[in-house]
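Here is a short briefing on a ligand site and the spaces around it. Have a look at the model first, then read on.

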Amino acid sequence: MTTSHKQRVLSGMQPTNTLHLGNYLGALKNWVKMQNEMECLFCVVDMHAITDAGYGKPDEVARATREVTAAYIAGGIDPRKSPIFNQARVPAHAELAWIFNCVARLGWLDRMTQFKEKSGKHKERASVGLYTYPVLMAADILVYKATHVPVGEDQKQHLELTRDIAQKFNNDYAKPDYFPLPEPVITGPGTRVMSLRDGLKKMSKSDESDNSRINLTDDADTIAQKIRKAKTDPHPLPANENEFKGRPEAENLLNIYAALADEPVKAVMARFAGQQFSGFKGELADLAVSKLSPITAEMRRLMADPAEIDRLLAAGAEKASAIAEPIVQDVKRIVGFAV
Ligand code: AQP
């Protein structure tokens, strides 16, 4: 069996803490556009969640799984068009991940910068799951023979590893073109949203400071307050991209505005050049509230009926399994398992 479909998209988010503006602009907003152009599957990666922040917190993983599902739908994913499911309901992910653990080389994983960042100074205390996280991610993608993966900049290295695993498997088992080499889809000014407190740090769910991010569950006042408090510099707003040098906070806020407004950064800069941050922040807050509040309200409505969310996840998993199961059975035969 080789790839019969032309283009297939797989992407996912971890159910840990609460989704934020970076997850929305870097991933979800692009998914919504893609679902009309290609076959898409959207996963809630609960098995990834227990590699780190979700470990030992079963109630939190279960709650966040439903909340991420609600965010996908509230953000514009149509579950009738694109299956939404949680990873743990489709065992083929874990089965292929084991086989890929035997394909991937230690040297490849040693180069993964996200593991270094997340494990910090105490590498020996990190879970083995956190270390092999990119291998499970490769399985998530290739178990559907996905060809395109919309991600933020931070996931680019993991996707390169996925391509290396696909290539090595195809070579070692003499099955050229068996797995496609999936392409990252990284588009627009929202591909790397930075912390509101430090323009050099990625906006992240696990940042200790809640003021560093805008959560998709924040109300209008909280959003406005966080933007008002966002770190800036004493200069007026820059007129062109050359003036971003040494001004990461200005660059971040202008990129956020452009991504939310669906406008080129240049056009946004032309409008605000030379103005003070205080006025710009007011406009940014209004824009963020107008775009995010409807999503937050819809998430709240969906979260009020957890049984319906569970039903949607089960239906999505059934559709996803129908694609993944034959592929993983095929792979098992290729590697020599008697199945
Ligand atoms: N700051 C960001 N800017 C743009 N895109 C981002 N993504 C995450 N942060 C940003 C994209 O969101 C998708 C889902 O990410 P994830 O849930 O798998 O977790 P993550 O990348 O590890 O996100 P966080 O917030 O940084 O979580 P923690 O703090 O737990 O590590 C991915 O497509 C990612 O690129």
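The notes below go through the ligand, its pocket and a separate cavity.

This is a predicted model, where local features need pLDDT of at least 70 and side-chain atom pairs count only at pLDDT 80 or more, while totals for chains, interfaces and linings use all residues. Residues are numbered from 1 along each chain as its sequence is written, and side-chain values use heavy atoms, with hydrogens and water left out.

**The ligand and its contacts**
- The ligand sits in the largest pocket, where "sits in" means that more than half of its atoms lie within 2 Å of the grid points of the pocket.
- Two elements, β1 (8–13) and α1 (21–34), each give two or more residues to the shell around the ligand; helices (H or I, at least four residues) and strands (E, at least two) are DSSP runs, numbered from the N terminus.
- The largest share of that shell comes from α1, with 4 residues.
- There are 23 residues around the ligand, and His 20, Asp 154, Ser 204, Lys 205 and Ser 206 come nearest; a residue counts if one of its heavy atoms lies within 4 Å.
- By class, the shell has 6 nonpolar, 12 polar and 5 charged residues, with Ala, Val, Leu, Ile, Met, Phe, Trp, Tyr, Cys and Pro as nonpolar, Asp, Glu, Lys and Arg as charged, and the others, Gly among them, as polar.
- Oxygen atoms of the ligand lie 2.7 Å from a polar side-chain atom of His 20 and 3.0 Å from a side-chain N or O atom of Asn 23.
- On the backbone, an N or O atom of Met 203 is 2.9 Å from a nitrogen atom of the ligand.
- Alone, the ligand exposes 650 Å², and the protein buries 97% of that (Shrake-Rupley method, 1.4 Å probe).

**The largest pocket**
- Its volume is about 1300 Å³, the space filled by probe spheres set on grid points joined across faces, edges and corners.
- On a 1 Å grid over the protein atoms alone, a pocket is an open set with protein on both sides within 12 Å along at least five of seven lines, a cavity is a set of points where a 1.4 Å probe fits but cannot get out, and lining residues have an atom within 4 Å of a point.
- The lining divides into 15 nonpolar, 20 polar and 11 charged residues.

**The cavity**
- The structure holds 1 cavity of 30 Å³ or more, and the largest cavity has about 40 Å³ of space.
- Its lining is made by Met 112, Gln 114, Phe 115, Leu 130, Tyr 133, Pro 134 and His 158.
- This lining has 5 nonpolar, 2 polar and no charged residues.

Definitions and conventions
A polar contact is a pair of N or O atoms within 3.5 Å; within protein, one must be able to donate a hydrogen and the other to accept it, and residues adjacent in sequence count only if both atoms are side-chain atoms.
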